[in-house]
Amino acid sequence: MAQNVDVLICGSGSAGLCAATWLARTGISCKILERRSESMQLGQADGVQCRTVEVFESFGMAEELLRSAYHVLEVTFWSSNSSGNLVRTSRTADSIPGLSHQPHLILNQASINRFLLDAMRNFNGQEVSYGYTVEDVQVDSAISAQLDAYPVVITATKDGATEIFKAKYVLGCDGAHSNVRKSLGYKMIGDSTDAVWGVMDIYPRTNFPDIRKKATLRSNSGNLLLIPREGGSLVRCYIELPHGTVAKDVRLEDLHAAARQIFHPYTLEIADTFWWSAYSIGQRLADHFSKDNRVFLTGDACHTHSPKAGQGMNVSLQDGYNIGWKLAAVLKGQVSPELLRTYNIEREKVAADLIDFDRSFTKLFSMKVDHMNGTTQKYFSEQFIKSRQYTAGLTAKYDDSVITSAERSKQELAANLKIGMRFPSSQVVRFCDAKEVQFSTALVADGRWRIVVFAGDLKNSANAERLDKLAGFLSSDIGPARRFTLPGEDVDSFIEPILVLHGDREALEQDQIPSYFWPVTGKWKMRDLHKTYIDDESYYSGHGKAYEKYKINVEKGAVIVVRPDQYISLVTALDDYQIIGDFFSDFSLPQI
């Protein structure tokens, strides 16, 4: 007999595990089928974007990630001079200061997946079912519109036996050769170039001075991208191989020889090679990302590209981060299933942008050294530096949809909080305990929406009056919190209010803050005092100047609606009650 499951995830790569972690965090179990007999022991991906570190922070598991990884802080640029010797031409910070409070890291994908596996178990005991090969996925379109139906039929084999599953929703996270995609009849559109690159993780003995820094080497003998790895000794080399090379014919000794030539006049002795491969570059997109709003493709199942920009694991993981919270909200009965259509609107654009970036980034790396043109190396380093915001994962901007509304917004009230982009962090001081914190720590990945109110200085009577009236609306029966909160749940379980004030916190008392911002919640029915922050001087770290960073006028203030995945949905004024109410009414299911 077929086994019914709410969500079936095909594949336990970064996308599948991130989506499963979201579900587990919100108390929802799923079925994860993985072809391998055990969890990944050695992954090929290793670059961890600033944005991905923020994602881990939102799940409460960034500390171990930061402790285990290599931190990329500086990039150096090397090129052959007219004598054929490799010389350093410039250096720069790896990421643009102020873009993110988290760094760019290097850590093997197997470790990344292990953190997600541990988080799943800790949240609700979620496990992966290993040894399953997904053979076929079919959708019964006739019943896919029925809310409680199980319209997706999955055929899988294990140890020679066939098992049938029926699911409400399926995530195809099964890689570039996805059986889910093939079952649906979808195709990968794109092409491969003639360029072939080799990659190897080595233990080098060398006198090259930047062996523990990220470096680009553009020599007369070829191009190489150097990435130090975690642990203090291991180094990854991406090497462009000569035109006409066939990937399957590449030998390890070919990569060793090419690297030694590129490093000249520095010596390079390779003590050991931990892992190596060779590949031809291809950029492809699936022609469809979903089927009947029931099956969704993620990661390499719907977009493939070269690994040099360090985007693959990150974009895949963030595909899972995007669909995970949306599935959780639908399955909990908080929102309409129509919200799931935003996955296509948002992630198809991200994937298309990734393919375009990868093409230009690959072309940039393949530029030849030109000693007659002194601007060539300068152009290369300038373009590399310009790409830093993208490679940090911080350029994704979601278009208008039912959950993102630039049209309704008043962007000028918070000019640096861009609608459709992730909410950047800033240091603030928590009012209840005077602790300086990054504001991102208030945006925990627990499935809740946030209404973040920048109300200015409450010594200003006009500010205090506006805040009181807003709190009255938000806490009323016609306000979105009470209308859309599930019966029996805390008033902040679906929409959490967060207050960011400005001014001297020592002049403020708790009872001056409307009670809506310190509600009675939890098992013990205690007041939650952790929702109010002040943009003020801290005891130890100075002033975060959040209002200044976000370009919010202290006298006018602003209301920011933030999605569960930390992206900004709406920017409006403190007295725009109708806009706030209408926004949530478009996708939330009334509970009273």
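## Charges over rings

A charge sits over a ring if NZ of Lys or CZ of Arg is within 6 Å of the ring centre and within 35 degrees of the ring normal. R294 meets this rule: it lies over the face of Y169, at 4.9 Å from the ring centre. R527 does likewise with W518, its charged end sitting 5.0 Å from the centre of that ring.

## About the model

This is a predicted model, in which local features need pLDDT of at least 70, side-chain atom pairs count only at pLDDT 80 or more, and totals for chains, interfaces and linings use all residues. Residues are numbered from 1 along each chain as its sequence is written, and side-chain values use heavy atoms, with hydrogens and water left out.

## Cysteines without bonds

How many disulfides does a search of the whole structure find? It finds zero. A disulfide here is a pair of cysteine sulfur atoms within 2.5 Å. C10 is in no disulfide, and its nearest cysteine sulfur, that of C173, is 7.5 Å away. For C302 the closest cysteine sulfur also belongs to C173. That sulfur is 8.9 Å off, too far for a bond.

C10 is buried, with a relative accessible area of 1%. C302 counts as buried at 0%. The cut-offs are these: buried means under 20% relative accessible area, exposed over 50%, and partly exposed in between (1.4 Å probe, protein chains only).

## Aromatic pairs

The whole structure holds 32 aromatic pairs. Rings of Phe, Tyr and Trp (its six-membered ring) pair if their centres lie within 6.5 Å. Planes under 30 degrees apart count as stacked, over 60 as edge-to-face, and the rest as tilted. Take W78 and F208. Their ring centres are 4.7 Å apart and their planes stand at 50 degrees, so this pair is tilted. W78 lies in strand β5 (residues 74-80), while F208 lies in the loop between β12 (188-206) and β13 (214-219). The pair therefore ties together parts that are 130 residues apart in sequence. W78 and F208 are both buried.

F583 and F587 make an edge-to-face pair, with 5.3 Å from centre to centre and 80 degrees between the planes. Both of these residues are buried. Rings can also join up in a group. Ring pairs link F77, F357, F361, F380, F384 and Y390 into a cluster.

## Salt bridges

A salt bridge is a side-chain nitrogen of Lys or Arg within 4 Å of a carboxyl oxygen of Asp or Glu. The search finds 41 of them. In one, K214 meets D94 at 3.5 Å, N to O. K214 is in strand β13 and D94 in the loop between β6 (86-93) and β7 (104-106), so the bridge ties together parts 120 residues apart in sequence. K214 counts as buried at 10% relative accessibility. D94 is buried too, at 7%.

E346 and R563 form another bridge, with their closest N and O atoms 2.6 Å apart. Which parts of the chain does this pair link? E346 is in helix α8 (residues 342-365), and R563 is in the loop between β27 (558-562) and β28 (568-572), 217 residues apart. Both E346 and R563 are buried. R450 and D446 also meet, at 3.2 Å from N to O, and both are buried. A network of salt bridges links D446, R448, R450, D492, E496, D528 and K531.

## Helix α7

Helices (H or I, at least four residues) and strands (E, at least two) are DSSP runs, numbered from the N terminus. Helix α7 (residues 312-331) has 20 residues. It reaches 29 Å from its first C-alpha to its last, close to the 28 Å expected at 1.5 Å a residue. That expected span is 1.5 Å times one less than the number of residues. Is α7 mostly covered or mostly open? It is mostly covered, with 19 of its 20 residues buried. G333 follows α7 and has a positive phi, near 80 degrees.

## Two serines in one loop

S401 is found in the loop between α10 (388-391) and β20 (427-430). S426 has its place in the loop between α10 and β20. S401 counts as buried at 18% relative accessibility, and S426 at 3%.

Contact means heavy atoms within 4.5 Å. Not counting residues up to four places away in sequence, S401 touches T342, I345 and E346. With neighbours within four places set aside, S426 is in contact with residues including V437, Q438, F439 and Y550.
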